[in-house]
Amino acid sequence: MGDNLFEGLPPPSIQQQQNQRVEEKTSSNREPSPLPPPPAPIPVLKSALKRPKPTEFIPDHEDAVPEKETPKEKRLRFKTTTDASEKQVIEAMQKIASHIKNPTKFAKASKLAIQLIQAGSVKPGTSDHFFAILEAAMSSTMSCNDPSVRADYHALFSEAQDAAECLSKNQKNQLAVWTIRAVVANDLCTDDSFVFSKAAGRIKESITSLPIASKDDDAEEAATLNDLKETTNEDNENKLDVCLGASAEGNKMDESDPFGLDAFMSHTKKDERAKGKTDTLAKMRKEEDQEGKKSFLKGQRESLIICLEIAARRYKIPWCQTVIDILVKHAFDNVARFTSRQRDAIEKLWTSIREQHTRRKQGKSVNGKLDVTAFEWLQQKYATEKISIRHSVGGSGDRRAQQWLG
């Protein structure tokens, strides 16, 4: 009896028993609960999904139906090159050479010449006409160092270096001389210290590469342009005389031997004449090469003198002074590589630069005046002023500002 936990409690009511029976019936009549959803699939890598592209079916020409092709993307393209014949290029170069002499048309003509270089139109067949453009540009009345055309000259002759391979030896030498004037000299007018120092370095290298001037160079320096023209005319006349003399000798031979029997007798005279002609041609070529070298050295020296003068004009700019000092000193050390008149010009430049350099060491500016700070200038100004004790300037204010400013 002690083990019965419900001893002494009243029996369950009939209503509770009925409620329990109803709940059991309803739970048996309910549908089974749905199963939980399956877990999410594991993501597959993209490389595993790659499949080879299926071969496209190409229909026969008979069964194919023409369809309009729709462009995928529309792009704007500019035509930078032109397919022109050699004759058209030569005509264009001749027109540019005729207009580039005019300073007002130089900018446009130089841009057209640059376009021809970039298009690859300068070839061995057109190199002479292209050289005529450069020659006309340098023979213009306006200097290549003029501020209005300085940038155009620099662009033209910088781009002309790409076409130098098509030129002859003498033309390359002349282009090198023009490049010193049109590119290196204009770089000295820049506001960039790096470009200025680089141009000065190129000038120093060119001075070092010059040979030592001889007495012949000094004698040739005195010759003027008129003398050069006369010598060229005389050379042309001599060439014509040689050609006319050779043709006259040939006519005399034809008259003395109308049937050409002497040709069967001996060929010694003809061989001697042929050797004489070859010797004269070889001599003429040697003379032309020597003249080309002399003119190249002469032009190079004159161009370097122009560069030194342009650099000396910019000595007032503080950041240019050290570079100019080194450049002119280098030219003075190698003064033997220039002619007599050029040596005098370099000595004058060196003396002026040296004087300005000593003034800088003494604290003076290029103009000869002392470099004065703002405080020193105010000290000099107010040292002579009269200031009154009553904070007003009057006739009786004899006290100076010496105590105030020391």
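This is a predicted model: local features need pLDDT of at least 70, side-chain atom pairs count only at pLDDT 80 or more; totals for chains, interfaces and linings use all residues.
**Notebook: cores and helix α7**

Started with the largest nonpolar core, which has 32 residues; Ile100, Phe130, Leu134, Tyr153, Leu156 and Phe157 touch the most other members.

Two or more residues each are given by α3 (86-99), α4 (106-118), α5 (127-138), α6 (150-159) and α7. I found that α5 gives the most, 7 residues.

I then picked Phe157 and asked what it contacts beyond its neighbours within four places in sequence. My list reads Leu134, Met138, Leu175, Trp178, Ala182 and Val183.

Then I turned to α7, which runs over residues 169-187. How far does this 19-residue helix reach from its first C-alpha to its last? I read 26 Å, close to the 27 Å expected at 1.5 Å a residue. I looked for a bend as well, and α7 does bend, by about 35 degrees at Thr179.

Last, I stepped back to the whole chain. I counted 16 helices and 0 strands. Of the 406 residues, 24% are buried. For contacts with a separation of 6 or more, I noted that 66% come from residues 24 or more positions apart. The chain exposes about 31,300 Å², and carbon and sulfur atoms supply 54% of that area.

Technical notes
Residues are numbered from 1 along each chain as its sequence is written. Side-chain values use heavy atoms; hydrogens and water are left out. Helices (H or I, at least four residues) and strands (E, at least two) are DSSP runs, numbered from the N terminus. The expected span of a helix is 1.5 Å times one less than its number of residues. The bend at a residue is the angle between axes fitted to the seven residues ending there and the seven starting there. Buried means under 20% relative accessible area, exposed over 50%, partly exposed in between (1.4 Å probe, protein chains only). Contact means heavy atoms within 4.5 Å. Accessible areas come from the Shrake-Rupley method with a 1.4 Å probe; for residues, only the protein chains shown count as cover. A nonpolar core is a set of buried Ala, Val, Leu, Ile, Met, Phe, Trp, Tyr and Cys residues joined through side-chain atoms within 4.5 Å.
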